[in-house]
Amino acid sequence: MTDISQTPGAAPTAKPKSGSLFEKDARTKRRNAAESRFKMYGIAAIGIGLLMLIVLVTNIVTAGTGAFQQTYLELDVDLKADKLDKKGNRNIEDIKKVSTFGYAPLIASALESEVAKLGIQTDLSAKDMGKILSKAAQAELRNYVIANPDEIGKTVSFRFLTNSRVDGYMKGRVTRDSIANDKSISVEQLDFVDQLRDAGVLYKAFNPDFILGADASDQRPEAAGIGVSMLGSLFMMFVVLALALPIGVAASIYLEEFAPQNRLTDIIEVNISNLAAVPSIVFGILGLAVFINYMHLPTSAPLVGGLVLTLMTLPTIIISTRASLKAVPPSIRDAALGVGASKMQAVFHHVLPLAAPGILTGTIIGLAQALGETAPLLLIGMVGFIASNPPDGIVAGFLSPNSAMPAQIYEWSKRADPAFYERAWGGIIILLIFLVTMNTIAVILRRRFERRW
Amino acid sequence: MNDMSRVERTVDSKDIKIAAKNVQVYYGDTHAIKDVDVEIEDKTVTAFIGPSGCGKSTFLRCLNRMNDTIDICRVKGDILLDGEDIYDKRVDPVQLRAKVGMVFQKPNPFPKSIYDNVAYGPRIHGLAKNKAELDEIVEKSLRRGAIWDEVKDRLDAPGTGLSGGQQQRLCIARAVATAPEVLLMDEPCSALDPIATAQVEELIDELRERYSVVIVTHSMQQAARVSQKTAFFHLGNLVEFGETGQIFTNPVDPRTESYITGRIG
C-alpha cells in the first residue's frame, strides 16, 4: 500500500490490456451517437410544439385584440322635448311610447350640426351620413332618455358606436377596394369618416361592452359582447362545482378506502376510466334525453348545461381524487388505525387533508375542461341562443335561457358578417385567460400544499 | 456490551395477558400461520424472532386485528385478551386497538405538530375532558416515550421534522397516549441507527413496568437484550417459545439452534 506513495509521478509503464480508457471503442461510440440522436428527437419534438403554440397565440392575439377596441363617434345630441315628450309632463309611460325610430331624426340632426360646426364639406345626404353609425345608437339614446327623463330638453354629449364597416375601415379590415360590391357603405361615406377622424370626433377606444355586454343580432356586430354568456358559464360552473365535487370525492373515497375488491367494483372502476374518454357530445345527448325530454327542465338553461357538464367532469374528478388518495402513504392509515381511529376517522382526519391539494387540482382542471366544452351544449340548446339580456336575479341565472362562452364563440364564428370573426377571436382570448388563470391556480395550490414524506 | 447480561435475570411468573390458541392465518390460498399457540404475559417483553417471511409480523398484526384491513386475510383460532376472544363478533376492532397499541417498522408520525401527534389518540377516544388534561396526557406520554426533554420547547413543530430515532420515540409516545395495556412493536428499530436503537431499547425496557410489550425483531441480539420471553417462528410455525435465556443458550428444537447460530435464516 505504501509502495505507490513512495514513487510519486512515476509514469505507468504497463500498457492497459483491453484498450485505453481514453479512447472510445466502436460500441461506446455507437451508443453515444444513439443517445445524442434521441436527445435531438426530443428537442425537435418540443421545438415543434413550442412553435405551434407561439403561432397559435400570436394568431389569436393579432386577430382578437381588435375586438377590445371599437370606433366611436362623439356627438352632442339635443334631446328635443317636442319630439320626445309631446305632452310635456315627463311621464315615463309617454316617453316610452316613442320608439327607437323616433330617435333617428335627433341623431341625424345632431350629426348635421356637428358637420356644420366642424366645417366638413360633403355631398352626402343626412340619411347617408347617419348610416355610418351603428343601428344600436338609437337604442342607446332611447335607453338613456328613459333612464334620465330629466335630461329632456337639454343637449347631452354622447359617444355612439359606429357601423361595423366603419369600424373595420378604422382597423384596416375594410378598404376602399374591398367595398366595391358592398351596399352598406360607399367610398363617399369612407371619405366622410376620414374627415371626421381628422377632426378628432371619430376615434378608436377601449370597448368595455365587449367584455360586459350582451350579444347582439346579426345586423349589429359592433354592439355584441360576451358578458352575458360569461354569466351563463359562471352559473354552469356553480352547478358543476356544487355537484361534481361532493359526488366525485364521495365516490372516490368509497371506492378507494372502503369498497371491497370484487368483480363489481372492478367493473365500476373500468367504466369510470372509460367514461373519461367518452366523447362529450354523448353526454349532450344524454342530457337532452334525460334532463330536457324526460325531466322537462328548461331548454338552454345553465342549470341543464351544468348538469350535463357535471356528468362529463365527474370521471375526471374521480380519477384524480383516487390518484391523490392512493398517493397518501399507507403508513399514515396504519398509524391512525394503530391508535384506535375508526376507518372513517383515519380517512377524514389524516388521508383526506393530505390528498386535498391533489383533489383541488383535479377539480379545477375538471372545471376548466367543462368551461371550454361546446359540444354537449349544442344539444341542449345553449348554442345559437342570442343572449341579449343579462339574467335578472340568481334563480333566473340558473333557469332562464342563456349561452355560454364557448357556445357564444362558436355562434359568432358561424355568422356571415366578418366583423363577428374578430369577436370570436376576442372571445377566445377571454376564454383562454380564464383557462390559464384556473390552471395557474391549480399549479399554485399543488405547490403550496404539497407535502412530502 | 455483553448481550447475555440481561438474559440472566429472573423472570417472575405473571398473569397471562394474551393467549393465542390454534391460530391459523390464510392470505388467499396461502397458509401463512400454522397452529400457533402462545401465551403473552403481562408486564413482560416478548420477542418474536425468525427469518424474513416466517409470519412473525403477520401474527403480531393479528393481535390488534390490523390484518382486518387486508381483504384476503382470514384468521382462525382463538386469540384471547384477558380471557375475551378478540375475534368475537361483538368486538369492535377500534376499541381493541385502543387497548392494544402498535408501533410500526418505519416511524410514521402524522404530518402534524408533535403535540397533535400525541393528542390525536386521546382526542378521538375522549380521554381528556379539557385542554389542561390533554396537555397533561401529552406531557406524560412524551415523558414515557423518553422524548419530552428533546421536544418540550417545540411542541408545535411538525413531527415529521424530527430525526428518525426521535420520530420512532414520538410514535411510541403516541401509542402510549391512548393508555393501552399491550404494546405491539413491529421491528421498531430496523430503520434506526445504533444510537437511536439503544435509546429505543432502553425505552422498551422501561415500558415493561406498565405494559405487556410484544416486539418483532430481526436482530437476535436485540431480542436477547430486551426480552424476557422469546418465540421463534419458522415458515409459519411457532417452533419454540420460552424464556429468552433458555432459547438463546439451550434451545430445544434443532431449527432454533440452527437459526441462532446462523445456519438458517
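Visitor: Which residues touch the most other members of the largest nonpolar core?

Guide: First, this is a predicted model, where local features need pLDDT of at least 70, side-chain atom pairs count only at pLDDT 80 or more, and totals for chains, interfaces and linings use all residues. Residues are numbered from 1 along each chain as its sequence is written, with chains lettered from A and ligands numbered from 1 in the order in which they are written. A nonpolar core is a set of buried Ala, Val, Leu, Ile, Met, Phe, Trp, Tyr and Cys residues joined through C-beta atoms within 7 Å, and buried means 20 or more other C-beta atoms within 10 Å of a residue's own (exposed is 12 or fewer, partly exposed is in between, and C-beta atoms are placed from the backbone). In the largest core, with its 139 residues, the answer is Phe48(B), Leu183(B), Leu184(B), Val213(B), Val214(B) and Ile215(B).

Visitor: And which helix gives the most to this core?

Guide: Helices here are DSSP runs (H or I, at least four residues), as are strands (E, at least two), numbered from the N terminus. The top contributor sits in chain A, covers residues 227-258 and gives 12 residues: helix α11.

Visitor: Phe48(B) is on that list, so to speak; what is Phe48(B) in contact with, leaving aside its neighbours within four places in sequence?

Guide: Two residues are in contact if their C-beta atoms, placed from the backbone, lie within 7 Å. By that rule, the partners of Phe48(B) are Lys56(B), Phe59(B), Leu60(B), Val214(B), Val216(B), Ala231(B) and Phe233(B).

Visitor: How many residues of chain B are in contact with chain A?

Guide: On the chain A side, 16 residues take part. By class, that side has seven nonpolar, seven polar and two charged residues (Ala, Val, Leu, Ile, Met, Phe, Trp, Tyr, Cys and Pro count as nonpolar, Asp, Glu, Lys and Arg as charged, and the others, Gly among them, as polar). α15(A) gives the most to it, with six residues. Across from them, the number in chain B is 20.

Visitor: What radius of gyration does chain A have?

Guide: Its C-alpha atoms fill a box of roughly 115 × 65 × 40 Å along the principal axes. The radius of gyration is taken over C-alpha atoms, and the globule rule is 2.2 Å times the number of residues to the power 0.38. A compact globule of 453 residues would come out near 22 Å, but chain A has 33 Å.

Visitor: How far apart do the C-alpha centres of domain 1 and domain 2 of chain A lie?

Guide: The bounds come from an automatic or database domain assignment. That assignment gives domain 1 (69-206) and domain 2 (227-449). Their centres are separated by 45 Å.

Visitor: Is Leu235(B) buried or partly exposed?

Guide: Leu235(B) is in the loop between β9 (229-234) and β10 (237-243) of chain B. Its phi is positive, about 50°, although it is not a glycine. With 13 other C-beta atoms within 10 Å, Leu235(B) counts as partly exposed.
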